[in-house]
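Good morning. Please have a look at it first.

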Amino acid sequence: MADVATKRELSSAETEAASREAKRAKVDDKNGEEGGDEAEWENVLSTFTASRVLSDSAREKIMFLHGKIADDDAVVVLEKTPIREDSLAELFRGSKLRLEMKNDIYSSYRLQAPPHLNEIKTTVVCPATEKHVKKYQRQESFLVEETGEDYRAVTLPYVQEQSLSLQWVYNILEKKAEADRIVYDDPDPELGFVLLPDLKWDQKQVDDLYLIAIARQKDIKSLRDLSSEHLPLLQNIFQKGKEAVLQRYKLPASKLRVYLHYQPSYYHLHVHFTKLGYDAPGCGVERAHLLSDVIQNLQSDPQFYRSRTLYFPLRADDGLLGRFKEAGRL
Ligand code: M7G
């Protein structure tokens, strides 16, 4: 954790500098030679003023910022992207190098890559709710033990009151957003799902492949709602999802980690498909449930996820943690 800064307020000087940078970025974009079409390079962040760093990691080269775009709260995530093998020749040919130090057989340089090989993946949530801000804020976590009864008495009422909006999910299912990104679409209302790249994946390399399969059925909130009647749906997502990934990305099932989160952030059934070996956020044992295990558990006990005690981490400021404390369950 040494490389992870705790949340801090930005000084006004930093805020001004960020704002100046954003303005300069806009100018640079206008002058930019990359990507051709000017409209594609519109800078929605030109007026973003960052007020604080929610979390950051030098090792992961990622920073989560809270600030404002006009009068709206916004969360902006900046992430340096991996170096791609297929761009190496261009990187070496087209970069400028400045020597920093040389000693015997050792030398180090600052390399300035061509702009299009040096992009920062940027995610914007605007207007962001307080829940979004909390989601991205680094926090201490606590492991919660949830019985089936706890789910019905504590978690379910909280989820019904407090969940994040599912509008983005419905937009995908109704092809009102991201339609051009869909990798596979099974339109069956019962068994169907849409498979597409996750918001977290820039699709530049398969090393960090991250897709989500969103079920067409709207009434399954999470793992807890699943029973054996959903086996055909889960098997369909598993089978056709794996086939689609093989066809599009040439990755066999043996290279995939296919799982559900409990608790999820969004309470509409979806399945994560990530590349095995990629340390995707939330793929740890305390949150990820392999789809193959879920299927087997439901085959051996149709009510497995309604009765079993499930364990998951909650962050210190999560309202659900407060509810577990109030109920004397922590
Ligand atoms: P989750 O298990 O509910 O929560 O997964 P998590 O975000 O804590 O992992 C929801 C998944 O949907 C995550 O992997 C998100 O990155 C992804 N996601 C969220 N949004 C708002 C979008 C979106 O608008 N488009 C796409 N393609 N993916 C999204």
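I begin with H270, where UniProt, in an unreviewed entry, places the feature "active site". UniProt positions are given here in the numbering used for this structure, feature names are shortened, and annotations may be inferred rather than shown by experiment. That numbering starts from 1 along each chain as its sequence is written. The model is predicted, so local features need pLDDT of at least 70 and side-chain atom pairs count only at pLDDT 80 or more, while totals for chains, interfaces and linings use all residues; side-chain values use heavy atoms, with hydrogens and water left out.

H270 sits in strand β13. Helices (H or I, at least four residues) and strands (E, at least two) are DSSP runs, numbered from the N terminus. Is H270 buried or exposed? H270 counts as buried because its relative accessibility is 13%; buried means under 20% relative accessible area, exposed over 50%, and partly exposed in between, with a 1.4 Å probe and protein chains only. Apart from neighbours within four places in sequence, H270 is in contact (heavy atoms within 4.5 Å) with I212, A213, I214, L260 and P264. A polar atom of the H270 side chain also lies 2.7 Å from the backbone oxygen of H268.

Next, the ligand. There are 17 residues around the ligand, and E178, D198, K200, H261 and S265 come nearest; a residue is near if one of its heavy atoms lies within 4 Å. By class, this shell has seven nonpolar, four polar and six charged residues. Strands β11 (210-215) and β13 (270-275) each supply at least two residues of the shell.

An N or O atom in the side chain of E178 is 2.7 Å from a nitrogen atom of the ligand. A polar side-chain atom of D198 is 2.5 Å from a ligand oxygen. For L199, a backbone N or O atom is 3.1 Å from a ligand nitrogen. On its own the ligand has 590 Å² of accessible area, and the protein covers 90% of that; areas come from the Shrake-Rupley method with a 1.4 Å probe, and for residues only the protein chains shown count as cover.

Now the whole protein. It has nine helices and 15 strands. Of its 330 residues, 41% are buried. Among contacts with a separation of 6 or more, 64% are between residues 24 or more positions apart. V159 counts as buried, because its relative accessibility is 6%.

Last, the backbone. Most residues other than glycine have a negative phi, and most peptide bonds are trans. Here C126 and P127 are joined by a cis peptide bond, with omega about 0°. P127 is in the loop between β7 (120-125) and α3 (130-136). Another cis bond joins Y262 and Q263, with omega about -10°.

As for phi, K61 has a positive value of about 55° although it is not a glycine. K61 lies in the loop between β2 (48-57) and β3 (62-69). K250 also has a positive phi, near 60°, and K250 is exposed, with a relative accessible area of 63%.

Methods
Polar contact = N/O pair within 3.5 Å; in protein donor to acceptor, adjacent residues only side chain to side chain. Nonpolar A, V, L, I, M, F, W, Y, C, P; charged D, E, K, R; others polar.
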